[in-house]
Amino acid sequence: MKIYDFPFAPNPRKLRVYLGEKGLDVPFETVNLVHGEQRKEPFLTINPLGGLPVLELDDGTRLSESLAIIEYFEELHPDPPMIGTTPLERARTRRLERIADLSVLGRIARYVHNRKSPLPGVRGIPEVAEQMRAELPKPLALFDAELAGQPFVAGARPTIADCTLFAGFQFAQLGEFDPTEGFDHLARWYAEFRERPSTRIPGLEAAG
Ligand SMILES: N[C@@H](CCC(=O)N[C@@H](CS)C(=O)NCC(=O)O)C(=O)O
């Protein structure tokens with residue numbers, strides 16, 4: 001088993017943090033997105049959509065989509081639970097993870113790529129960047145309110161919602177802005193979460 005990965009990109013990062021929290025050790029094979037390796041063979045045979053991460057099983061089966069890969073591991077390794085334990089807890093965790101992905105990570109990614117993309121050949125549209133940035137405070141306020149009364153995004157322990165939100169915030173560094181600015185509870189959570197061993201990228205001193 002291995003994971004095609006580029007550790008600085010948000011969707012692979014989300015999966016890395018998840019695996020770290022679970023204590024699962026899966027080998028990574030780097031596909032350098034900045035060099036455009038995702039847009040040519042052999043990677044296009046691995047994932048015709050040209051996106052990372054991709055999980056490859058020992059029998060050659062391949063699975064793309066970060067959340068599908070996470071749910072696959074979660075079903076194989078339910079402890080510690082990262083999507084809650086009761087139907088309501090699981091629904092609430094998934095709700096927050098979806099908001100973190102679609103309304104925070106996705107917008108931060110579109111902001112970065114439309115402002116000054118690290119990917120080759122991406123021509124940004126400044127108006128789209130500004131629109132993405134303008135749409136961020138509303139979901140960030142939602143997470144700030146959640147974190148006012150609990151240590152992690154979905155409650156007392158880390159879940160997939162923390163992994164996704166963290167990956168989004170890390171990518172904001174490329175956009176040279178701090179998404180926690182003005183949100184005290186989010187700032188507290190981010191400062192604490194980035195100290196967790198799961199956020200470290202081996203070979204780099206700290207999460208950065
Ligand atoms: N929805 C997919 C998104 C996959 C994706 O687009 N990944 C980005 C990295 S965060 C990528 O590989 N981009 C390369 C490109 O657009 O050329 C997932 O969650 O895995």
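Me: How are the helices and strands named here?
Reply: Helices are H or I runs of at least four residues, and strands are E runs of at least two. The model is a predicted one. Both kinds are DSSP runs, and the numbering starts from the N terminus.

Me: Pro80 lies in a loop; between which helices?
Reply: The peptide bond from Asp79 to Pro80 is cis, with omega near -10 degrees. The loop that holds Pro80 runs between α3 and α4 (87-116).

Me: Which residue does a cis peptide bond join to Pro42?
Reply: Pro42 sits in the loop between β2 (28-30) and α2 (43-46). Omega of the cis bond is about 10 degrees, and the residue joined to Pro42 is Glu41.

Me: How far apart are the centres of domain 1 and domain 2?
Reply: The assignment gives domain 1 as 2-76 and domain 2 as 87-198. Taken over C-alpha atoms, their centres are separated by 20 Å.

Me: What area do domain 1 and domain 2 bury between them?
Reply: On the domain 1 side 19 residues make contact, and on the domain 2 side 20. Carbon and sulfur atoms carry 63% of the buried area, which comes to about 1,600 Å².

Me: Which residues of domain 1 lose the most area to domain 2?
Reply: The buried area between the domains is about 1,600 Å². Three residues together hold 34% of what the domain 1 side buries: Pro10, Lys14 and Glu21.

Me: Which element gives the most to the side of domain 1 that touches domain 2?
Reply: The rule finds five residue pairs in polar contact across the interface. Two elements give two or more residues to the domain 1 side, α1 (10-22) and α3 (66-76). The one that gives the most, with nine residues, is α1.

Me: How many salt bridges are counted between domain 1 and domain 2?
Reply: Arg196 forms a salt bridge with Glu21, with the closest N and O atoms 2.7 Å apart. The count between the two domains is three.

Me: Lys22 and Glu74 meet in a salt bridge; are they buried or exposed?
Reply: The N to O distance is 2.9 Å. The pair links distant parts of the chain, Lys22 in α1 and Glu74 in α3, 52 residues apart. Buried means under 20% relative accessible area. Lys22 has 8% and Glu74 has 5%, so both count as buried.

Me: Which elements do the buried residues of α3 pack against?
Reply: Ser66, Ile69, Ile70, Glu71, Phe73 and Glu74 are the buried residues of α3. Their packing partners are β1 (2-5), α1, β3 (54-56), β4, α4 and α7.

Me: Arg62 forms a salt bridge with Glu56; what is the distance between the closest N and O atoms?
Reply: Arg62 is partly exposed at 39% relative accessibility. Glu56 is buried at 13%. Their closest N and O atoms are apart by 2.6 Å.

Me: In which helix do Arg188 and Glu192 both lie?
Reply: Their side chains meet in a salt bridge, 3.1 Å from N to O. Arg188 is partly exposed at 26%, and Glu192 is partly exposed at 46%. They are four residues apart, about one turn, in helix α8.

Me: Where is Glu65, which has a positive phi?
Reply: Phi of Glu65 is about 75 degrees, although the residue is not a glycine. With 52% relative accessible area, Glu65 is exposed. Its place is the loop between β4 (62-64) and α3.

Me: What phi does Glu176 have?
Reply: Glu176 sits in the loop between α7 (160-172) and α8 (184-193). Glu176 counts as exposed at 58% relative accessibility. Not a glycine, Glu176 still has a positive phi of about 55 degrees.

Me: Which residue has its backbone oxygen 2.9 Å from a polar side-chain atom of Arg39?
Reply: Arg39 lies in the loop between β2 and α2 and is partly exposed at 43%. Leaving out residues up to four places away in sequence, Arg39 touches Leu44, Leu119, Pro120 and Val122. The backbone oxygen at 2.9 Å belongs to Pro120.

How values were computed:
Residues are numbered from 1 along each chain as its sequence is written. This is a predicted model: local features need pLDDT of at least 70, side-chain atom pairs count only at pLDDT 80 or more; totals for chains, interfaces and linings use all residues. Side-chain values use heavy atoms; hydrogens and water are left out. Domain bounds come from an automatic or database domain assignment. Contact means heavy atoms within 4.5 Å. Buried area is the accessible area (1.4 Å probe) that two parts lose on being put together, summed over both. A salt bridge is a side-chain nitrogen of Lys or Arg within 4 Å of a carboxyl oxygen of Asp or Glu. A polar contact is a pair of N or O atoms within 3.5 Å; within protein, one must be able to donate a hydrogen and the other to accept it, and residues adjacent in sequence count only if both atoms are side-chain atoms. Buried means under 20% relative accessible area, exposed over 50%, partly exposed in between (1.4 Å probe, protein chains only).
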